[in-house]
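Dear colleague,

Please find the structure that I am handing over to you below.

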Amino acid sequence: MPGVFVTNCIGLQHKFDYQMFPMYSSEFESMTGFGKMTLNNLLAGEKIDKSSMFVETKSYFLPDFNKASLRFYQWQAGFQLGTTRKTDSIETRILWGLKFHQNGTQTIVYENNGITYEPKRSYKILKAVRAEWKLERIKPERPFFVDIKGDFWNNFGRIYATYEYDNLYAKHRSFTFKALAGGFLYAKNSFINQFDARLNPASIGYQQDVFYDGWFLGRNPDGKFYNQQGLSGTGCMYTISPLGKTWDWTVAASTSISLPFDLPIRLYLSAGVVPDVLNSNKPFLMTEGGILIMPVKKYFEIAFPVFTDTRTQESIKLNTDNYLQRIRFIVNFDRIKLLKWPSGHNRKQE
């Protein structure tokens, strides 16, 4: 898919920012890509120092059906307000966001023409109002953030929160603590039967990314390698297992610590509590631990589980063929700042 990326989001922020990335798919002979337009600093003042309104869209292909192209689209429109406060060496950022979301997933349905059933393309549509509040406290050695999100529409409503704390006790070493809590307020059958949006104490894969929030190497149900990529910020555990997915509630926590040498290798321990659908929804505990490859700036995470609780172990034996399929990797695209002027440029760094 050759394409071209056009943007003015490098260096100083503008009143109007744009990003456009059109591409051409040679296999399906069609355009694809994404784009975003933002109006900035509309309400800036003493209490609000950053504000913006935006509209963004993207569309990419899904695995084909009998060599016929299938695709998804997503578009969002909303606004963000932010404040930044600095005290000595501590910087605190608070962000409020509200947006309308819609996406469509192209599927094949079979219609009776009176003689036989013919396959026809159709879209299943997901709409939601999405709200977010985020607090980030930037300390030189002990940064942390809290992120609370809610997704609502007439057929479902859910809210969840994440917390992450780092203690940078040496140049290339740190201790990290993460926590997650969330629950569904309501979910009608019309939503449950179409979208697998269950909460999960573990990082979700492309199958549960029903909003198409993440960037995945592939969304291919026939490729087990694609199942191993997780979405950053959606869970505290790493083990790939259907166990723990829930339409009710979940809580989870994870810790990791660097080993005493200058390599991005850590030991991690995670735990989650979810309702047990096989035992009257009584809470049950899931645990795991292992080795984690992750640099201090967390550009990526690669988890090698060493042990899990008994029920999780039984589940992964049924759903994986070998140990290599149990390795989970995450690419934290939001931490990779590509749109910056090279070091030493005379314009302001963002």
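I begin with Tyr212, which counts as buried because its relative accessibility is 6%; buried means under 20% relative accessible area, exposed over 50%, and partly exposed in between, with a 1.4 Å probe and protein chains only. Tyr212 also has a positive phi of about 55°, although it is not a glycine. Its place is in the loop between helix H1 (189-192) and strand E11 (229-230). Helices (H or I, at least four residues) and strands (E, at least two) are DSSP runs, numbered from the N terminus.

Before going further, please note that this is a predicted model, in which local features need pLDDT of at least 70 and side-chain atom pairs count only at pLDDT 80 or more, while totals for chains, interfaces and linings use all residues. Residues are numbered from 1 along each chain as its sequence is written, and side-chain values use heavy atoms, with hydrogens and water left out.

Lys298 likewise is not a glycine and has a positive phi, of about 60°. This residue is found in the loop between strand E14 (282-293) and strand E15 (300-308). With a relative accessible area of 3%, Lys298 is buried.

Ser258 belongs to strand E12 (residues 249-258). Is Ser258 buried or exposed? Its relative accessible area is 8%, so it is buried. A polar atom of the Ser258 side chain lies 3.0 Å from the backbone nitrogen of Ser174. Apart from neighbours within four places in sequence, Ser258 is in contact (heavy atoms within 4.5 Å) with Tyr169, His172, Arg173, Ser174, Ile265 and Arg266.

I turn now to the chain as a whole. The protein chain has two helices and 16 strands, and 39% of its 350 residues count as buried. Among contacts in the chain with a separation of 6 or more, 54% are between residues 24 or more positions apart. The C-alpha atoms fill a box of roughly 75 × 50 × 40 Å, taken along the principal axes.

Why does the radius of gyration agree with that of a compact globule? For 350 residues, such a globule would have a value near 20 Å, and the protein chain has 22 Å. The radius is taken over C-alpha atoms, and the globule rule is 2.2 Å times the number of residues to the power 0.38.

Yours sincerely,
A colleague

Conventions: A polar contact is a pair of N or O atoms within 3.5 Å; within protein, one must be able to donate a hydrogen and the other to accept it, and residues adjacent in sequence count only if both atoms are side-chain atoms.
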